[in-house]
Amino acid sequence: MSTPIKRVVVVGNGIAGLTAADSLRESGFDGELTIVGDEPHAAYSRPALSKALLLDGDDVSSHELPPATHGADEILGVRASGLDVERRLVRLDDGAALPYDRLVIASGSRARRLSDLPEELTLRGLDDALSLRGRLAARPSVVVVGGGPLGMEIASGCLAAGCEVTLVSEGLPMTARLGPYLAGVFVRAALDRGLTIVESGAARLERHGGGARVVLNDGAVVEADLLVSAAGDVPNTEWLADTDLATEGGLRVDARGLVRPEIAAAGDVAAFPSPGGARRVPLWSSAIEQAKVAAAALVRGDETPPLRFQPYFWTEQFGLNLKAVGDLPVHGAPAYVEGGPGGPALMRWSHADGSGVAVALDYRIPIPRLRRLSRAGA
Amino acid sequence: MKIVVNRPRCEGHGLCEEAAPQLMHLDDDGELVLDREEIGEADIPLANAAVRVCPVAALRVE
C-alpha cells in the first residue's frame, strides 16, 4: 500500500457513499475523488421518505441533507454497469470508464418486488416517495403488502392522508422486527387509528381487469386503488457479475469493510462479519459506521480500528415513536426503567448471550444514554 | 464558522453527540445543547461529522 493514492471512485451517493467520501477526506486523501450515483438527486436522508416526507403538509424538505463538502466530482443519474478488478476500472452505463486506485462500493439495495406489474408501487428512492405522496392527495384506497417497519410506516402515512388502508402481513405486523411485545403496542395503535390488518401466508399479486390485486394464501383477494409492497430489499450487485466479489447475500467485507486491499464496501450492499455470520444491516447508522471504517481502511489499512457496531433502529408510525439500541427482536416482557405499559416508556431487555436492548417509546432520550442503558446490567 | 441548530427539525436522536461530544450534547430532556457554537478551522471536520450523521438534517455549519 505504499504507492500514493491518486484517484478514488465511490459508487453510490446514498448516506454510505457520502460518508465514505467525507471520511476519505478526513483520513487525509486529497486526490481526485469521483462519486457515481444512479439517482439524479443530491444525497438525501432515506429514513425520512417513509416518515416525515409522507406526512408533512407543504414541507417537502424533510429528506434534504446539507450540501456535500467533500469536493468530489459527482456523476449523477448514471449507473455503474461493470467492474474490471484487474485493470481497476468502473464502467458506467453511459459508456464511460473510470480508473481508480481505490474503490468504495456503496451501490445500496433496491426494493424486493413481488411482481412485474406496473401497478405494484414500492418506496425506496426519493422519486418513489414523491410519486406516492402525489397519489395520496386523491385519497385512494390503499393496500400495503408487508408488515415490517417500512410497510407499517407507509400504511401510517396513507392513513394520515385520509385513505382507507389495508395492510397484508405475514404474521402479526412488526413481530419479526421487534418481537411480540413491542409489535403488540404498534398493532394496537394502528388498529386504533383505523388500519385494517389482514394476516396471511405469502401473498402474491395478480393482474385483474385493468389493474392488480393481492391474492392471499387462502385464495381470498384484497383490492384497492393503490397497491404498495414493502417486502424487503435486494443488494445491488448485478454490476459486479463479471467479478467473483459478490454473493447472493451481498458483498462480503472484512471487519474493516474491505473486500480486497484496494476495494471497500459499505452500506446496504455490504455484508459484514457479526457473531451470527456475515450479514447486511440496512439501517442509517449502520451505513454511516461502516462507511467511516471502510474509508479509513482504504487509506490507512490495518491501522484502522475494526468496525464495532451496535444497531440503532427507529420508527415513527401511528403516532408512536420508537428508538432502539441493540439486537432486535426481543422476546418476553421488558424491565421498565421509566414509565410503564400504555404510555411513554424506557424499557430494557436482556438476551441469553448477555447483550442488552434498550428501547425508548415516545420517550426523548439521546442515543449515547440509550446505548449506556443497553449495556447496563438488568 | 458557526454551528446552527434547526430546533423544529431536531428529533433528539443524539447521533450528533456521539459524533462530536466535544461540541454538543443532549440535556436530560433530550434537547440539544451546543457547548461551542463558534468553531475554529480545526473543529470543522468534527462539526461536519455531526452534521452528516443527523438523519433529519437539523444541523448546519455556516
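## Reading the terms one by one

Tutor: The secondary structure of chain A comes to eight helices and 27 strands, and please keep in mind throughout that this is a predicted model.

Student: What makes the radius of gyration of chain A agree with that of a compact globule?

Tutor: A compact globule with 378 residues would have a radius of gyration near 21 Å, and chain A has 22 Å, so the value agrees with the rule. Along its principal axes the C-alpha trace of chain A spans about 60 × 55 × 40 Å, and 46% of the 378 residues of chain A count as buried. Of the contacts in chain A with a separation of 6 or more, 63% are between residues 24 or more positions apart.

Student: How is chain A divided into domains, and what separates the centres of domain 1 and domain 2 of chain A?

Tutor: The assignment gives domain 1 (7-110 + 233-303), domain 2 (120-229) and domain 3 (319-375) of chain A. The centres of domain 1 and domain 2 of chain A, taken over C-alpha atoms, are 30 Å apart. Eleven residues of domain 1 of chain A are in contact with twelve residues of domain 2 of chain A, and on the domain 1 side helix α2 (residues 52-55) of chain A gives the most, with three residues. That side of domain 1 divides into five nonpolar, three polar and three charged residues.

Student: Why is strand β23 of chain A called largely enclosed?

Tutor: A residue is buried if 20 or more other C-beta atoms lie within 10 Å of its own, and six of the six residues of β23(A), residues 312-317, are buried, so the strand is largely enclosed by the rest of the structure. In a regular strand the side chains alternate between the two faces of the sheet. Both faces of β23(A) are covered, with Y312(A), W314(A) and E316(A) buried on one side and F313(A), T315(A) and Q317(A) buried on the other.

Student: How do you know that β23(A) and β24(A) are paired?

Tutor: Two strands pair if DSSP finds at least two bridges between them; six bridges join β23(A) to β24(A), residues 320-325, and the two run antiparallel. Within the pair, T315(A) stands opposite L322(A) in β24(A). The two strands form a hairpin with two residues between them, and F318(A) in the turn has a positive phi of about 50°.

Student: Which residues of helix α6 of chain A are buried, and against what do they pack?

Tutor: In α6(A), L182(A), A183(A), V185(A), F186(A), V187(A) and A190(A) are buried, and the elements of chain A against which the buried residues pack include α4, β23 and β24.

Student: Why is P368(A) called partly exposed?

Tutor: Buried needs 20 or more other C-beta atoms within 10 Å and exposed needs 12 or fewer; P368(A) has 16, so it is partly exposed. P368(A) lies in helix α8 of chain A, and beyond its sequence neighbours it is in contact with G14(B), E17(B) and E18(B).

Student: How many residues of chain B are in contact with chain A?

Tutor: 18 residues of chain B are in contact with 19 residues of chain A, and α2(B) gives the most to that side of chain B, with five residues.

Definitions and conventions
Residues numbered from 1 in each chain as written. Chains lettered and ligands numbered in written order. Predicted model: local features only at pLDDT ≥ 70, side-chain atom pairs only at ≥ 80, totals over all residues. Helix = DSSP H or I, 4+ residues; strand = E, 2+ residues; numbered from the N terminus. Contact = placed C-beta atoms within 7 Å. Rg over C-alpha atoms; globule rule 2.2 N^0.38 Å. Domains from an automatic or database assignment. Nonpolar A, V, L, I, M, F, W, Y, C, P; charged D, E, K, R; others polar. Lists of a residue's contacts leave out its neighbours within four places in sequence.
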